[in-house]
Amino acid sequence: MSQAIDRNSLVVGVAVAGLVVGVIAGFFAAHRVMNDMSGMTSSGEMKGHEKGHEMEGMSMKGMSREGAKPTRDMESRPGMSEVLSETVVVPAVARQVIGIRSASVVRSTLEEEIRTVGTVGYDERGFTQVTLKTSGWVREVFVDSNGRPVRKGEPLFTIYSPDLLVAQEEYLLAVKMRAHLAASPLDDAKANADALAASARERLRLWDVTDAQIAVLERRGKAEPLLTVYAPSSGIVIRREALPGKYVEPGTILYELADLSTVWISAEIYESELAAVKVGQPATVTVAAYPGETFRGKVAYVYPTLNTETRTARVRLELPNPGLKLKPGMYGNVILQTKAVTTLVVPKEAVLDTGLRQLVFLDRGEGRYEPIAVTLGRRSRELVEVLEGLTEGDRVVTSATFLLDAESKLASASSMQAMMGRIGMADWQMRGAYEGKMEEMGGMKAMEGMREMPSMVSGSAKAVSETRKVADYVLTFTTLPEMPKAGDVLLKLKLTDQAGKPVTNARVLFVYTMPMPGMTESQVTASYTKDGWYEGKGLFGMGGTWVVTATVTISGQPPIVEQFQFLVAGSGM
């Protein structure tokens, strides 16, 4: 009986041992396949290069990545608060094939260009309205259409005005009396006659009767019932109300004239560009009607208000208009030239904008390229100012930056995988698949220790729901499903004021990542649904601790930035 029991125990033990060996063998086989696919074996690549396999550098797989810690000179750079830790190594053959070129960081004269679109309009200082100071009837009209150009002093129309007729008669009587009393021995009488004539003449002039018309009146000695009204200035007729037989009263607008020898152009610039725009700054304008021709002017006025919807400010340009080529209503491409300064610059092609930050690849020599975060300033057509991150004399990559960036992201993922392998967490999804079997077998106590690692706990995920009061608003953050698992997760944020009224005009951006070395950030813009809820779908690639940063922007208010941390369960757990 005891021999039968021993024989059964031996068979069970052999089976258990065989299963354990098979599981462990599968574990390491899958791990090796994953490493081979991601190009993790930098030592193997180096051996391949030592054997002379130069042709492997013809593809991106030939690029190796090596962990690079910030050097002492990099740490001393001003503003280098963030230095990426992955250096991309590209063999010589690959550098020639993909055409990697580098340029030095230098100090140069930078002229920033601000490009925008403007609309041609009238110079409001050149507007003239033709009105009368007396009542009367329009008789004959000489300028009878809108859009017609007129010159100063050109006759516009004739008018019959009883008041003007009476004023002419009074002036003629005053002139006759002055002539009659010219030989009088009474000085007071002559003075009064002169004053009366001068007063009557001045009244005619104030009623817009010209000196030439008054002289003709004196020579003729008879009042003229119809007087001609002349253009007070040159310009284009943009409004005409003078019609034959029309009765007019004092102040009635009969013509509006606009001087087009100078025009205004209204343009919109972004709020961030306001500091670089000054009155008197030169500007150039091109219009589609005259290809290849450039009109030059200057900034005449920067309006003191901001459009809260577009976040732009209005700028007025003043341009001479020879030949009246620029016509009100035309669209023009505007370029504002800022003041030239000498500063640290790099070519525009060297900067890679990820949306959250700007990067350049520093050329370390011998095919080693390192991504560096930089802070940028003003821009011109070809150059961009570097405020922080680089020093004069550094060499940066100016071509194939997208290929290097893609390889750098692979390097970040590879270094994270290698780090997880070193701490016993590599291939965590395989561990989840086999963990149940290992627990049933017993004796796998070592695997239970993995559950205690805080960054990879999957069984302790809880429902996500958190409410915070920030400034004058209440934020409620939750997810769908409420207990999130690896994969697609709907991020939800409810925004209300303190009275509980939903806020519907906000912009919400979710940025999420795992607090682990090598993990990159992902972002999603939330869309408004109803009742103050903003939703955006994110992809959570693995179980563990995740941090979501919600940035809420409300017009006229400072941005609200809040972080929420929660656990995500692994898929299939």
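Ala550 has Glu562 of β33 as its bridge partner. In this predicted model, local features need pLDDT of at least 70 and side-chain atom pairs count only at pLDDT 80 or more, while totals for chains, interfaces and linings use all residues. Residues are numbered from 1 along each chain as its sequence is written, and side-chain values use heavy atoms, with hydrogens and water left out.

β32, which covers residues 544-554, pairs with β33 in the antiparallel sense over nine bridges (strands pair if DSSP finds at least two bridges between them; strands are DSSP runs of E with at least two residues, helices runs of H or I with at least four, numbered from the N terminus). Both belong to an open antiparallel sheet of four strands, ordered β29-β28-β32-β33. Its edges are β29 (522-525) and β33 (560-568), each of which pairs on one side only. On average, neighbouring strands of this sheet are turned by 20 degrees against each other, direction ignored.

The second largest pocket holds about 370 Å³ of space (on a 1 Å grid over the protein atoms alone, a pocket is an open set of points with protein on both sides within 12 Å along at least five of seven lines, and lining residues have an atom within 4 Å of a point; the volume is the space filled by probe spheres, of 1.4 Å, set on the points). Among its 22 lining residues, Trp207, Asp208, Val209, Val229 and Tyr230 lie nearest the centre.

β10 gives the largest share of the lining, four residues.

Key:
Axes are lines fitted to C-alpha atoms, for helices over the stretch in contact, and angles run from 0 to 180 degrees between N-to-C directions.
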